[in-house]
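Please open the structure in a viewer and keep the selection tool at hand.

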Amino acid sequence: MTITYICGNSLYINLTNRCSNKCVFCVRSKHDNVNGKDNLWLDREPTVREIKDDIKRRNIADFDMIVFCGFGEPFERFDDVIEVAKWIKTEYGDVKIRVNTNGQGSLIAKRDITPEMEGAIDIVSISLNSDTAQKYDALCESEFGEAAFWGIIEFAKNAKKYVKQVIFTVVEKVTDPEEIENCRKIAEECGVSFRVREYIE
């Protein structure tokens, strides 16, 4: 079972395969990995203890960042993400921690989770990918329908109060140039950063 894996100069944590989206472009519909070697499909979700033990076997000093991102939405296990992130900060000092998310954590938890990220999460990278609720729903097929898009916008606005950096991202080849510019404007209006991500074949 792959709990932690390396991609670039970062250590990634794969703690669930559950996701509130069924994105038509999702890499897991094509591959069982993102780094060419580690199978990210889980037979079961690892316990918090197993996650910590797997992190302990790594030399954290080798990595620029620790990232919660696997074959699912990390905030499906929000409480566990925060517990592990705080433990990392205590155990290893001021390690930079990022979460790659679909931005639906508060919808999933049925509460505003953003205040609980303060002091635990440094960067939140949110997949936006479309400039309207209708397009987002067609592309990402969220269990929350078109409400997911507006939930993401609210999540980003709230999250920037509690974490150092919030980033909206779009995937090239999935989002057309006009949409990309519209998404950039949405990011500016929300007061967050913006990045175009590479499409994984």
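Select arginine 44, which is partly exposed at 44% relative accessibility (buried means under 20% relative accessible area, exposed over 50%, and partly exposed in between, with a 1.4 Å probe and protein chains only). Arginine 44 forms a salt bridge with glutamate 50, their closest N and O atoms being 2.6 Å apart; a salt bridge is a side-chain nitrogen of Lys or Arg within 4 Å of a carboxyl oxygen of Asp or Glu. Glutamate 50 is likewise partly exposed, at 25% relative accessibility.

The model is predicted: local features need pLDDT of at least 70 and side-chain atom pairs count only at pLDDT 80 or more, whereas totals for chains, interfaces and linings use all residues. Residues are numbered from 1 along each chain as its sequence is written, and side-chain values use heavy atoms, with hydrogens and water left out.

Next, select glutamate 76 and arginine 18, whose side chains meet in a salt bridge (3.8 Å, N to O). This pair links distant parts of the chain, 58 residues apart: glutamate 76 is in the loop between strand E3 (65–68) and helix H2 (78–92), and arginine 18 is in the loop between strand E2 (10–13) and helix H1 (48–56). Helices (H or I, at least four residues) and strands (E, at least two) are DSSP runs, numbered from the N terminus. Glutamate 76 is buried at 17% relative accessibility, while arginine 18 is partly exposed at 39%. How many salt bridges are found in a search of the whole structure? The search finds 15.

Move on to aspartate 122 and lysine 164, whose side chains also form a salt bridge (3.4 Å, N to O). Aspartate 122 is buried at 8% relative accessibility; lysine 164 is exposed at 65%.

Two backbone stops follow. Lysine 110 has a positive phi of about 60° although it is not a glycine, and it lies in the loop between helix H3 (105–109) and strand E5 (123–127). Asparagine 129, in the loop between E5 and helix H4 (133–140), has a positive phi near 70°. Lysine 110 is exposed at 76% relative accessibility, whereas asparagine 129 is buried at 2%.

Finally, select cysteine 190, which is buried with a relative accessible area of 3%. Its sulfur is 11 Å from the closest cysteine sulfur, in cysteine 183, too far for a bond. A search of the whole structure finds 0 disulfides, a disulfide being a pair of cysteine sulfur atoms within 2.5 Å.
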